[in-house]
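Open the model in your viewer and keep the selection panel at hand. The tour goes from stop to stop.

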Amino acid sequence: MGSLPGQDMPEAIRMVMGELGERPGVPFLPELPQRGVGADMVGRGTALLVDLYAEVQPSGWRIADRPGRDHGRARSHLSSDLDLLEEYTQGYTGPLKIQAVGPWTLASTVELPHGDKLLADSGAVRDVAESLAEGLRLHIADVRKRVPGAHVILQLDEPALPGVLKGTVPTASGFGSLRAVEETVAREQLRTVIEGVRFGDNAADASSATPVIVHCCAPDVPFDTLRRAGATGISFDMSLLRERHDEALGELIESQILLFAGIVPSADPASAAPGVTPSVKGLSDRVLALSRLGFPGPRLAQSVVVTPSCGLAGASPGWARRALKLCRDTARALEELD
């Protein structure tokens, strides 16, 4: 889903391209949060903002009046990572995923200069969404220039979105919760980002549109909100789904929205259950169990992308590689159903 363990970016990119660089793999620009400030999901997100800056305070990231050391560090990480991506993808053609924190998770995490979180100020949320959309548009253009054979896919990480809708996001003090955001407002701000980057400078050219998937590994993924916001695909932890989600999943497949099904554990399952290792057959069967929705195996194979349940930053290096291989091999097994 983006994050990997360790601090060695050249090795991380080599592993991604080695495991996922051929069909049906979808290689991605890794995130290595263990490198520290600015390499984490939120830090990289602030680095993408246009005309907005952030710095790290004891309580976390906070909007600042001018770019400082933390902003420079985040920008430096991103720039050097893109240099390495360009170096290790020479001649590559095919899908290439990049990921960034979504507007609602950014607003739920970053604080205002002298107050609560951005989420508490609807105007600030709107400014962040517009700034992020512009920054991502420029980021995508840069990746396309560096890897001209790539078909760029954007993933927006929105783990905080369910809490935003329910009103469970804690205040900066931690003594209360911020007011719930109306579904229509949440949807429209997310649409601002999705539509802002989907077409870039070619709003009239659907053939050049950038697919945008939204990743939410929290329980109660707001599938309908994400669908109506214009997501091309929705990524989720399949172990958190219940029967009540079946209708929403069926509607997504009918609407030709891809399901990025997190079925490969993001941590080594042997640490929790010694001797238990997922198999390609077992993972394929989990995908095919969705036939209960009324779709045949080949249709499911076309509608489902196999992924880890969440980021792999907390995994061992060995399991991270194994997880990517399991995703690729399970996808190949599903392709054979066509």
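Start with Phe-223. Phe-223 counts as buried, at 4% relative accessibility (buried means under 20% relative accessible area, exposed over 50%, partly exposed in between, with a 1.4 Å probe and protein chains only).

A note on what you are viewing: this is a predicted model, where local features need pLDDT of at least 70, side-chain atom pairs count only at pLDDT 80 or more, and totals for chains, interfaces and linings use all residues. Residues are numbered from 1 along each chain as its sequence is written, and side-chain values use heavy atoms, with hydrogens and water left out.

The structure holds one aromatic pair. The ring centres of Phe-223 and Phe-236 lie 5.5 Å apart with planes at 85 degrees, so the pair is edge-to-face (Phe, Tyr and six-membered Trp rings pair with centres within 6.5 Å; planes under 30 degrees apart are stacked, over 60 edge-to-face, the rest tilted). Phe-223 sits in helix H8 (residues 223-229) and Phe-236 in strand E6, 13 residues apart. Helices (H or I, at least four residues) and strands (E, at least two) are DSSP runs, numbered from the N terminus.

Next, select His-245, in the loop between strand E6 (233-237) and helix H9 (246-254). His-245 is buried, at 7% relative accessible area. Leaving aside residues up to four places away in sequence, His-245 touches Asp-220, Phe-223 and Leu-240 (contact means heavy atoms within 4.5 Å).

Last, select residues 53-57 and 60-64. These are strands E1 and E2, paired antiparallel over five bridges (pairing takes at least two DSSP bridges). A hairpin of two residues joins E1 to E2. Finish on Gln-57: its bridge partner in E2 is Gly-60.
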